[in-house]
Structures are given as structure tokens and as C-alpha cells.
Amino acid sequence: MSVIAQNLVWGVKRRTIVSDVSLSVAKGETLGLIGPNGSGKSSLLRLLAGLKRPLGGQVLIHDQDIAHVSRRNLSRQIAFVQQSAATDTNVTVQDVVRLGRTPHRSALSGWSADDETAVATALDRVDMTAHKAQAWQTLSGGERQRVHIARALAQMPQVMYLDEPTNHLDIHHQIEILRLVRDLDLTSIVALHDLNLAAMFCDKIVVLHQGRVHAFGTPDAVLTQDLLREVFRVEAGVSTSPYHNRPHIHFLAS
Amino acid sequence: MISGLKDRGALGLVVLLALAGVVLILAVAMATAIGDYSISLKTVFLAVTNGLGLSHADVSRIEQSVVWDLRLSRALVAALAGAGLALCGAILQALLRNALAEPFVLGVSAGASTGAVCVIVLGIGAGGLSLSLGAFAGAFAAFGLVAALSNGATSGPNHTILAGVAASQLFNALTSYIVTTSGNAQQARDVMFWLLGSFGGVRWPDFYLLFVVVIISLAICLWMARALDAFTFGDEDAAALGVPVGRIRLILFAITAVLTATIVSMVGAIGFVGLVVPHAARYVVGPLHLRLLPACAMVGAVFMVFADIVSRMIVSQQTVPIGVVTALVGVPFFAIILYRARPQS
């Protein structure tokens, strides 16, 4: 299922945060969303997920304007993984993943076989089945992020958005999460800070700068020396990695 | 659901509800039998069946009247008030994502006390009904202020709690101002007694009203129980799970306001039940609201009926305000929550 954004505009009071953003992701693709702090990545993801209402423009998912889809129906198609969402409630891993079935259940309906299958499959996909009875509070950061992804998968969405899912994780877990997301049979958009990881795992990259799309294309085309200087204000050399044939950025100390 | 029964807490819920049901009936019977004028359980039973029109047993008129007209309605109102306050506490703890939220966190009790003081001290209106009406109006004035200060509670849990604190401070100050400038010693004592809560004046009409309010509230809350679960990771996360967050939050806040205002205007601001019971129930049935809410209602009801019994027994010939009893039990529990919730370092 493809995602298309057309001329999205959003802001608070007089400050425009997302300005005339258009992009498209084909079915099954992983799109990386990069940009400096405050460039509007999180806001754009929320607009795409229908969690914020744009001041202008529209988001089409499978040629359907999401402004005309109910919150509940939207949640059956789109899953949104927040940046390190936390809770004080004493829930288990299984409780959390079961929340993903919320959009598929009516107020008093029982727990169906479909629900059970979806939860079991999701837990299995992120390799957390063995931990399903464990308390959420006792999980490590990487495990929590995997459980959040499992919960999103239990929604059985066609599209998944992830807002900096690798934040606060060590490099092993960062790569693990991104490999998981890349290999999912879903259209996904991932906001990322690590440019080399974005280059490695994303089919295409959108560079946001001051709320606008500065560049959009394959990692090869987008990640250039000039762009890094202009948008991220760093001096760097870019080469093609002999290991994975993707661009690799060498930041220069002086 | 068979698979549902295997779940953590499901069996706990069934056992707890059955147990609480039995204990509640026993507690109500005890509350009806115990008092300055002690009545045997057998007489209580006969008087109750008489009252229901199921029997015409030979019970003295005074015993019949004490059981049916005074003590039974009082015990049942206590049960409903406990159930209602515990329910409100559980809902607010979920919506505000705060373990220390309770029914009065949104300033409802402070507003009610101001309304009651206006009636008791300033003599606006007259008679018992207008005291309740005054309290109800005050409670809603406070809730309205909180809703306005927090943009209809859309500005996040902490903002809403701060708005509640501000409203509580304002209305408590108004209450103190009115009492100190206009009240005499007797009125001040009346106000204080009312604020601490009492089941002394309740009769059957109070029961009917509260019964309807509690049952409707419980039904609506159960209907939204699953949506409440979705608030575990916050408002935005609930929205991402397909929950119409604004609508649910508004309805649930309104229900807690109506329920709390009704209870406060009837029996005063009885503290700590709404804070303590949800935590206790969560230990037994887990955090999912489809189980937690009925468990809270039952445990709250039992707790309050026993608290009422204790309040009448501690000092002979005198009733200790119910709020004193619930707080004497509630404060140590509160201390345990604080101790357990301390940051691990």
C-alpha cells in the first residue's frame, strides 16, 4: 500500500513547522526521514499518521484521503511507533502487544482466535515470545522497542511509521531494529538521526530542512557532501562502502 | 471465553467478585445489626424481608424502623459511595496517568465544600436538599474551572492536575474565608463535620438517586474499558490505536465529575477510598480495566461499609466522621504506595 503526501502544511500559531511537503513511498518500501533537530520530522510523521490535522494539503494511503477515514479504520491500516513511549502501569509484554488489537475489537467482544494469532505472530516476529509473561518495567530499552514494534504489528497494518526507533539503543540493537523494520512486508517510514544507518537500511531518503523537503531520492543520490554541509552543517566525505555498496559518510574532525 | 479464563487475573477477578459479593452482603447485614441499639441478625433478616414485602414477620415497630428506615439505606448508600469513589479513582488514574490521582484531584470536593458553606453559613437557600444542591453546584463550578484552565483536559495530564490543584486552592480559600468572616463556632463545627463526611442523614431517596448514577456510570465506563487500556502509553498512543481520545476523555471526565459531585453532595468529601482501592484491586486482578473497574466497585463498596461500621463503633454514643476512618486506613496505604514507587537508584 503506497503512501503519498501532497503539499502538507502544518504549524503552531504563526510558526510554520511543516511547509509544503510532498513525498511518496511505494508499497513495501522503507523510506528514511532525516534532518537536523527541529526540522519537522516528528510533526511530519504525525501528519502522515493522521494524528495531527494538516492546515493544508492531504495524505493519501492507497489513493484514499486519510482525512475522510475514521480514527479506528485508520488504525487498522497505519501503525505508529512513538519515540520511547513509557508507562508506569504494571503491564506484561503480552498485555502491551494485545493493545495492538484495540482497533480490531468492539467494546465488549471477546478475545478471538484471530486476535490470538496476530499477537503470537507479532511476538514471534520480534523474537519476544519467550518474554511474553515478563513485566514491561523489567525490559531493556531494546526489548521495549521490539515490544512496541510487535504491538504495531498486532494491528496488522499495511503502513508503519516509526519515530526515531533507535534512540538510546546501543549499536547492536540499532541495527537489529532497523533490519527488522526493513525486512517487514510493510510500507514503512522511519525517522532517523544516524545517517549511515539510514543509508544502509532505507530504500529512499527524504531530507527535511526547516520544514521543507530539501532532497528526496535514493541514498546514493541524496547523501552528498554539499547536502551534509548545507543541511547538517558538517564537513564530511562520502564514499561507497566496499562492504554493502551503500554510501558511507566519513565525518571530518576539522 | 475459555482462553480468557487462563489469563492472569481473570480467575482472580471471578474469585474476588464472588468473595466481595458475599462479604458485601455480610457487611451490610452487620452494618444494619450493629449500633447503639443492637439488633440480632435474624431480626435484621426478617425486617428486611418485611421491608421488601416478601414476608409479614413479627418484628417490633421500632426495630423494623431502625433496620429499614435508618440503617439499611445508610449501609447501601455507603456501599454505593465506596463503589463510585473507587471507580472514579481508577478512571482518573488511567486518564491522568498518575498513580496518585483520586476523585478529588480535579477540585470537585473543594468546590462542593464552598457550595455547602454558602448554604450552611451564608444561608443561601434552606433545608437539607439545598445543602446538597449547593454542594453539587459548587462541585460543578470547580470542575468547569478546571476544564477551562486545561482546555478541556487536552493540555496533557500534568497540566490538568495543576489546574485541579489551582481550583482546589481557590475554593478551599473561599471556604475558609466565608467560615472565618461570617460563621460562628457552631457553624464552623458543622462545616468541618460535613467536610469529613457522614452517612448520618441519608435515606432511601438518596439511595435511589445514587444507585442510578453509579450503575449508569459503571456501565458506560465498562463500555469504554478497552479504550482506557489504550491510554497505557499516553494520549497520542491511544489515538494511534484508533481510540477517539478527545471524546472518550471528555465523557469519562464528565462521568467522574457527576459521580463525585453526587456523592460529595450527599455524604461529604470522603477521602482516600478513591486513591487506595484502585491500587489494592490492581494487585489482585491486574491493570486491565474490564476487570479492574468491577473489582474496584466491589472492593470500594465493602471497604466503605466496614469503614462506616468502624466509625460508629470506635467511640460509643458518638459517630466519628467517616473521612477520619478512611484516612486512618488510607494514609498508611498511601505511604506504602510512595515507598514502592520511589525511584530505584
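Trainee: Which residues of strand 6 of chain A point one way, and which the other?

Mentor: In strand 6 (residues 78-81) of chain A, A:Ile78 and A:Phe80 point one way, whereas A:Ala79 and A:Val81 point the other way. All four are buried. This is a predicted model, in which local features need pLDDT of at least 70 and side-chain atom pairs count only at pLDDT 80 or more, while totals for chains, interfaces and linings use all residues. Residues are numbered from 1 along each chain as its sequence is written, and chains are lettered from A and ligands numbered from 1 in the order in which they are written.

Trainee: What makes a residue buried or exposed?

Mentor: The count of other C-beta atoms within 10 Å of its own decides: 20 or more is buried, 12 or fewer is exposed, and the range in between is partly exposed, with C-beta atoms placed from the backbone.

Trainee: Why is A:Arg229 called exposed?

Mentor: A:Arg229 has 12 C-beta neighbours inside 10 Å, and therefore counts as exposed. The residue belongs to helix 9 (residues 225-232) of chain A. Helices (H or I, at least four residues) and strands (E, at least two) are DSSP runs, numbered from the N terminus.

Trainee: Which residues does A:Arg229 contact, leaving aside its neighbours within four places in sequence?

Mentor: A:Val234 and A:Glu235 are in contact with A:Arg229; a contact requires C-beta atoms, placed from the backbone, to lie within 7 Å.

Trainee: What pairs with strand 6 of chain A, and in which sense?

Mentor: Strand 7 (residues 159-163) of chain A pairs with strand 6 in the parallel sense over 4 bridges. Two strands pair if DSSP finds at least two bridges between them. Within this pair, A:Ala79 stands opposite A:Met160.

Trainee: How do you know which strands are the edges of the open sheet of chain A?

Mentor: The sheet has 4 strands in the order 2-1-4-5, with antiparallel pairing. Strand 2 (15-25) and strand 5 (64-65) are its edge strands, as each pairs on one side only. Strand 5 is joined to strand 4 (residues 56-61) of chain A over 2 bridges in the antiparallel sense, and A:Leu60 faces A:Asp65 of strand 5.

Trainee: Why is chain A called as compact as a globular protein of its length?

Mentor: Chain A has 9 helices and 12 strands. Its radius of gyration is 19 Å, close to the 18 Å that the globule rule gives for 254 residues, so the description applies. The radius is taken over C-alpha atoms, and the rule is 2.2 Å times the number of residues to the power 0.38. Of the 254 residues of chain A, 41% count as buried.

Trainee: How do you know that chain B agrees with a compact globule?

Mentor: A compact globule of 345 residues would have a radius of gyration near 20 Å, and chain B has 21 Å, which agrees. Its secondary structure comprises 15 helices and 0 strands, and 52% of its 345 residues count as buried.

Trainee: How do you know that the span of helix 8 of chain B agrees with expectation?

Mentor: The 12 residues of helix 8 (residues 185-196) should span 16 Å, and the end C-alpha atoms are 17 Å apart, which agrees. Its buried residues are B:Val191, B:Trp194, B:Leu195 and B:Leu196. B:Gly197 follows helix 8 and has a positive phi, near 95°.

Trainee: Which members of the largest nonpolar core touch the most other members?

Mentor: Of its 186 residues, they are A:Leu33, B:Ala79, B:Leu87, B:Cys296 and B:Val305. Helix 4 (residues 61-95) of chain B provides the largest share of this core, 20 residues. A nonpolar core is a set of buried Ala, Val, Leu, Ile, Met, Phe, Trp, Tyr and Cys residues joined through C-beta atoms within 7 Å.

Key:
Two residues are in contact if their C-beta atoms, placed from the backbone, lie within 7 Å. The expected span of a helix is 1.5 Å times one less than its number of residues.
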